[in-house]
Amino acid sequence: MKERQAEPEVYIRGTELDELFPVHFRKHIKVYQFEKGDVLFSTGDQLDELYFLMEGKIKIFTHTPEGKLLINRFKRPPALIGDVEYSRGSAVINSVEAVTDGVFLAVPFDDLARLEGEHPAIIRFLFDTMAHKFYTELHATSMHMLYPVEVRLASYLLSISEVGEGTVFHGEMRTTNLMELAEWIGTSYRHLNRVLKNMTAENIIERVNGSIKIKDLKKLSTLAKGNIYE
């Protein structure tokens, strides 16, 4: 991830950040550009900035003590990274990787703390953001308890598919990593393979060179029942 010499105004205009950040404050906002595959933040890192995802898509994940990768969720704009770390003063909890190229706006924690005193709207914004994260975590837990594997897998595939393309070519979906996926959505590797075969037979997906291509996005959305891991 690299800082970019660009005006943050370009990304702020027309978004909720337009009202959130007073014009005089915007000189403190930085612009960062990242590329697909970049590991943006790792568990244990110490942050000193709050990051607003303005373009692109990111993956939030962690590793088990055995070294397995567990994906928590995917995020598209608008999304926030570092709010929990800012509020608690803690290190990064989950790692973040770029699924596509994209752009962050970043606000230093020190400047943000000063802004809270003169512009309380930022406090409400952070509160609403963390409440939404709590809801998202609760929803994901409920999905694992209430919905069958077919729904969970369909929701996962929708989460990682490229908008408008219906194609998945991300490394986490390669056959060699399906055991980790099975563990994450709460099923066995054998059952996951059965579900994938059923989806293939119904022409919803196609398995190509160790990756999965979505052939019928509408059918997949119907199968997901409106759920998505975001």
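1. What percentage of the 230 residues of the protein count as buried? The figure is 46%. The model is a predicted one, and the points below should be read with that in mind. The protein contains 9 helices and 12 strands. When contacts between residues at least 6 apart in sequence are taken, 72% of them join residues at least 24 apart.

2. The largest nonpolar core has 38 residues. Phe21, Phe41, Phe52, Ile58, Phe104 and Leu105 touch the most other members of this core. Apart from neighbours within four places in sequence, Phe21 has contacts with Arg26, Ile29, Phe52, Val107, Leu112, Leu115 and Ile122. There is also a second, separate core of 23 residues, and Val99, Leu153, Ile185 and Leu220 are among its members. As background, nonpolar side chains tend to be buried together in soluble globular proteins.

3. Helix H4 covers residues 109-118, and its buried residues are Phe109, Asp111, Leu112 and Leu115. Viewed down the axis of H4, these buried residues lie within an arc of 155°, so they line one face of the helix. Asp110, Arg114 and Gly117 are exposed on the other side of H4. An α-helix has 3.6 residues a turn, so residues three or four places apart point the same way. Two of the buried residues of H4, Leu112 and Leu115, are also among the contacts of Phe21.

4. Strand E8 (residues 95-98) takes part in pairings with E3 and E5. With strand E3 (residues 39-41) it runs antiparallel, joined by 2 bridges. With strand E5 (residues 58-63) it also runs antiparallel, joined by 4 bridges. Which residue of E8 is the bridge partner of Val39? It is Glu97, and Glu97 is likewise the bridge partner of Lys59 in E8.

5. Leu40 belongs to strand E3. Leu40 has a relative accessibility of 9%, so this residue counts as buried, the cut-off being under 20%. Leaving aside neighbours within four places in sequence, the contacts of Leu40 are Met1, Phe34, Ile58, Val96, Glu97, Ala98 and Phe104. Ile58 and Phe104 in that list are named above among the residues touching the most other members of the largest nonpolar core.

6. Beyond its neighbours within four places in sequence, Lys75 is in contact with Leu53, Gly56, Lys57, Ile58 and Ile60.

7. The structure has 6 salt bridges. One of them joins Arg26 to Glu9, with the closest N and O atoms 2.9 Å apart. This pair links distant parts of the chain, 17 residues apart: Arg26 sits in the loop between helix H2 (17-20) and strand E2 (30-34), and Glu9 sits in helix H1 (residues 9-12). Arg26 counts as buried at 8% relative accessibility, whereas Glu9 is partly exposed at 24%.

8. Another salt bridge is formed by the side chains of Glu49 and Lys30, at 2.9 Å from N to O. Here too the pair links distant parts of the chain, with Glu49 in strand E4 (residues 49-55) and Lys30 in strand E2, 19 residues apart. Glu49 is buried at 4% relative accessibility, and Lys30 is partly exposed with a relative accessible area of 28%.

9. Asp128 and Arg124 form a salt bridge in which the closest N and O atoms are 3.2 Å apart. Both residues are in helix H5 (residues 121-146); they are 4 residues apart, so about one helical turn separates them. Asp128 is partly exposed, with a relative accessible area of 36%, while Arg124 is exposed at 51%. Elsewhere, salt bridges that share partners connect Glu9, Asp18 and Arg26 into one network.

Conventions: Residues numbered from 1 in each chain as written. Predicted model: local features only at pLDDT ≥ 70, side-chain atom pairs only at ≥ 80, totals over all residues. Heavy atoms only, no water. Buried < 20%, exposed > 50% of the residue type's maximum accessible area, 1.4 Å probe, protein only. Arc of directions from axis to C-beta. Core = buried A, V, L, I, M, F, W, Y, C linked by side-chain atoms within 4.5 Å. Contact = heavy atoms within 4.5 Å. Salt bridge = Lys/Arg side-chain N within 4 Å of Asp/Glu carboxyl O. Pairing = 2+ DSSP bridges.
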